[in-house]
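Good morning, everyone, and thank you for making the time. Please have a look at the model on the screen, and then I will take you through it one part after another.

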Amino acid sequence: MNKTLALLTAASLFAGANAEDKIVIKGSDTLGAKMVPQLAEAYKEAGNEVSFEIAAEGSSTAFTHLQASPADIGMSSRNIKDSETEAFTAKGMEIKGWTAAYDMIGVIVNEKNGVEELTTEQIEGIFTGDITDWSEVGGDAGPISVYTRNTSSGTYKSFQEMAMNKRDYGSDTQKMAGNTQIADEVSKNGNGIGYVGLAYTEADGIKAVEVDGVELKSKNAKTYPIARSLHYYTVKGKLSEAATKFLAWATTDDKAKEIVERVGFIPAE
Amino acid sequence: MSHSGNPDSPSSPAKERLVFKRRGVQIFGLGWQDVIRIFFGGNASLAIIILILICFFLAKEAFLFFPDHHRDLNSYRQSGQEFVGFMGEEVTAHTNLYSSANIAYFAEVNRTSRVEDTILRSYRSVLANVENRSSKTWGRLEREIDALEEVEDDLSDLDPETEEDVAEIASLTEEKRRLEKEIPPLREKLKREVNTILSWDEIWDLGVGAEEPPADSIPGIREAVLFEAFPDAEEEHPFIEKTKQISKEKKAAAAAELAEFKETIKGMQAVVRPLKDLERELKEPALENKKEITSFSTAPERRDAWLKGAEATRDPEEKARMLARAEEVVIKEPDYAAINQVFYDAITRHASIAAPLEVEMKTLFDKLPTPAGVVTKSAKENLKRAGVFYDRFQESMASNRKKIREWSHDHPVTVVESVSAFLVGKNWTTNSSWHDFYGLLPLFTGSLLISIIALTVSVPFSIAAAIYVNQLSSFREQSFIKPAIEFIGAIPSVVLGFFGILVFGEALRNISQVEWLQWFPGFPMAERLTILNAGLLLAFMAVPTIFTLTEDALNNVPQAFTENSLAMGATKLQTVFRVVVPTAVSGVIAAVLLGFGRIIGETMVVLLVAGNKIKIPDFTEGLGVVTQPAHTMTGIIAQELGEVDSGSLHWRALFMVGMVLFVISLLVNFAAQRVLKKFQKI
């Protein structure tokens, strides 16, 4: 709440200084919490004289806002719904999506484990504690040891949302401090399973399973189920010049990619 | 003395005058002596004041937890989440039953393909071992092959007609040529390496206790591993393919025979579907209600924030806007009866689902094979467990049906309920999308179990060591052993924790796999990070405390006692065990108690080594419970305090856990003091 307030205040101050070069970005909290503000900051540091107004109140607000003022940018952590596209069409506008970044989490097992593939339903079952033995998911018999991040981690929450239908973790899960600890335990425990960010799946002794038949590779970011693409949305032909320039920079510049990676996402492309 | 020194001799009259001079340097009318006295006294009282402030702060934050928690539990009820939770319990009871039956089924099916599965497992194990040993070359080859693929991908994307792409195509083609030239020799190198490695015996070490593959499959496994060293082949070696195929066929054949079993299990899964759907359906309005209630309780704060913002800003436009926003914040209490109507409406629906579910589950359960009717040990055990879970399922259905019928959203949570929800609550769930629970019991049992192990191990060792050093050893031994044991206390606990993860945990698990140790409850262990591991490390840490204090207690036994005993003709050992130790027993008890205090307050080791599973350990395993992971009171504070908002319920819950620890330590110290006082009377 306070953050939004501060941003609004800051934005309105800038607005007074230079009204024509203001870029308004609204929508998803996932993008708007860290990534976009940091990109905006870096963009200004790179010598571009613009001001930003960023409001992160949920993906849906991106579309309602774009309908009212088509010159701006919308942020969304999900694809646009059909009904939303229709609303734009009804107003004679055409909406265009840009991939801002990808968000991917690998499910890892011990490299000696025979299980190569899990479905999202099985993953939900394993992490919520409904499935407790490897034989239930096509492996050799053995009790599953589940390693998760601890409750303060952001991945803990986003995995819950993406792979567990927002259900709570089973009480048998062990809470580890970080990606490395999870990878370590899984590499030493033949019956272990855990999840780590893409960058940690290369560690020794573990392998990432295919989820719903899709391998965990950055090139599969679009189809991998425990991943989502994060989008910018704009209205075709109505985007302001400053916003066009910023979008091009944010999706292609190396510095921008670096920021995207730093906040834990995979750069687009 | 040089000529510049004081020529006065001690007997000179000038010196005598100085000795008796009352007034030296004075500060605020106080002499040096007074200043020093006040300085030391001041330090002592400052320490006490700080201690009191800490206690006050801790107590304030901790006890504010109870009203907050009470409010939270009330909103859990008022939002209808509690109601949905009852159904959740029913579903969980069913899932436990279903899962055991399912595991039993798979144990029976997999029994037939055991040989093939062993071969496949051995193959994976050997392959992993080989890959680890040659990881440098292997990794490089894989990277280069990936790189080549990527370059080819990029090349196919580029258009040779467009001008911009031409330069890039040239550089990519160059890269491609380089990779193509590098890969074949690398491949040869890897092949040679893998061949050599395959001849090492340790590669074939499948881990302690693992089943060996049949001898005639070894050449096949070797072939397959060599084949894998050419990572461009997408499909697997024919031998592995074939084994997989046979395994699959055998399983299919077994499954055909066990079709009825499978049908029963599928039936179990199907009959619970309506209940699950109802639960899922009701979760949404419950979460909506929760949101509404939270929004109501935070509304005044939000309005104040806008008002404060309006006051701070100078821009009149901005001010008007903020005031308008403040006006927009509605402080309206939700109509609890209305928002909970959906749950009251669901009572009859639930009854119409639950009754047939129970009936059908009974028929299905009766159709399950009996433990005697299956072959494998695992299936027998799991079917036995399924029996237990079936009883629990029936109990859960009965008790929850009653709870659902009698549930009322406006029945206030009593103080006893809310306090016991913390003190004996079995569930500690935080950062949940549903509802956070703060039940101390899993953490408390974890801490207690670890302490008990640590004490059982460290007490005999340290007391025996203290007796030996104090009574029986030579002076030279004493001067070596004492500092050595006391040095243990100087090892930083985080170092011990790392040792516990990397060395001790692994060693313990390997020991637990040894054949002739299988009588030990809980062996073989699956985990490295367990109660046992943490307990043993803490035992090590407690040794210096208990040893030193016991030794002091033994030292305090008057020499005359020993001398009298020896003079009466008792042997040295008789004297030690009949005279010295009994005299010092209260000091020894105090030492043990203080050792306990040291153990229960230790944080770093348990956080790193105990495994952090927030669940009351499963005592049905008997003593084997020690091989499970657990979480502790100290560990949870260290793990979660860093990220919670100060002043939130979660933060206060953690303070309350700290308070419980504080009280335990206080009681232990108090008890130790009392015991020691008794000892001083001798």
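Let me begin with a term: a salt bridge is counted when a side-chain nitrogen of Lys or Arg lies within 4 Å of a carboxyl oxygen of Asp or Glu. By this rule, there are 31 salt bridges over all chains.

Before going further, a word on the source: this is a predicted model, in which local features need pLDDT of at least 70 and side-chain atom pairs count only at pLDDT 80 or more, while totals for chains, interfaces and linings use all residues. Residues are numbered from 1 along each chain as its sequence is written, chains are lettered from A and ligands numbered from 1 in the order in which they are written, and side-chain values use heavy atoms, with hydrogens and water left out.

Let us turn to the place where the two chains meet. If contact means heavy atoms within 4.5 Å, then 42 residues of chain B are in contact with 40 residues of chain A. The size of an interface is often given as the accessible area lost when the parts come together. Buried area is what two parts lose in this way, taken with a 1.4 Å probe and summed over both, and between chain B and chain A it is about 3800 Å², with carbon and sulfur atoms giving 42% of it.

How many salt bridges does the rule find across this interface of chain B and chain A? It finds five. In one of them, the side chains of Glu185(A) and Arg528(B) meet with N and O 2.6 Å apart. Another salt bridge joins Asp172(A) to Lys613(B), whose closest N and O atoms are 3.1 Å apart. That pair crosses between chains, from the loop between α6 (154-163) and β7 (174-176) of chain A, where Asp172(A) sits, to the loop between α24 (604-609) and α25 of chain B, where Lys613(B) sits.

Asp172(A) counts as partly exposed because its relative accessibility is 37%, whereas Lys613(B), at 12%, counts as buried.

Within chain B there is also a network of salt bridges, which links Lys60(B), Glu61(B), Asp68(B), Arg71(B) and Arg652(B). Lys60(B) pairs with Glu61(B), the closest N and O atoms being 3.6 Å apart; Lys60(B) is partly exposed at 41% relative accessibility, while Glu61(B) is buried at 7%. Arg71(B) and Asp68(B) form a salt bridge too, at 3.4 Å from N to O. These two are separated by about one helical turn, because they are three residues apart in helix α3 (residues 65-78) of chain B. An α-helix has 3.6 residues a turn, so residues three or four places apart point the same way. Arg71(B) is exposed at 55% relative accessibility, and Asp68(B) is buried at 16%.

Staying in chain B, helix α8 (residues 218-228) has as its buried residues Gly220(B), Ile221(B), Ala224(B), Val225(B) and Leu226(B). They pack against α5, α7 (163-198) and α9 (238-257) of chain B.

Now to chain A, which has nine helices and 12 strands, and in which 54% of the 269 residues count as buried. Among its contacts between residues at least 6 apart in sequence, 72% join residues at least 24 apart. The buried residues of α8(A) include Phe246(A), Leu247(A) and Trp249(A).

My last stop is Asn110(A), which is in strand β4 (residues 95-110) of chain A and counts as buried, with 4% relative accessibility. A polar atom of the Asn110(A) side chain lies 2.9 Å from the backbone nitrogen of Lys112(A), and a polar atom of that side chain lies 3.4 Å from the backbone oxygen of Asn189(A). Leaving aside residues up to four places away in sequence, the residues that Asn110(A) touches include Val186(A), Ser187(A), Gly205(A) and Lys207(A).

Key. Buried means under 20% relative accessible area, exposed over 50%, partly exposed in between (1.4 Å probe, protein chains only). Helices (H or I, at least four residues) and strands (E, at least two) are DSSP runs, numbered from the N terminus. A polar contact is a pair of N or O atoms within 3.5 Å; within protein, one must be able to donate a hydrogen and the other to accept it, and residues adjacent in sequence count only if both atoms are side-chain atoms.
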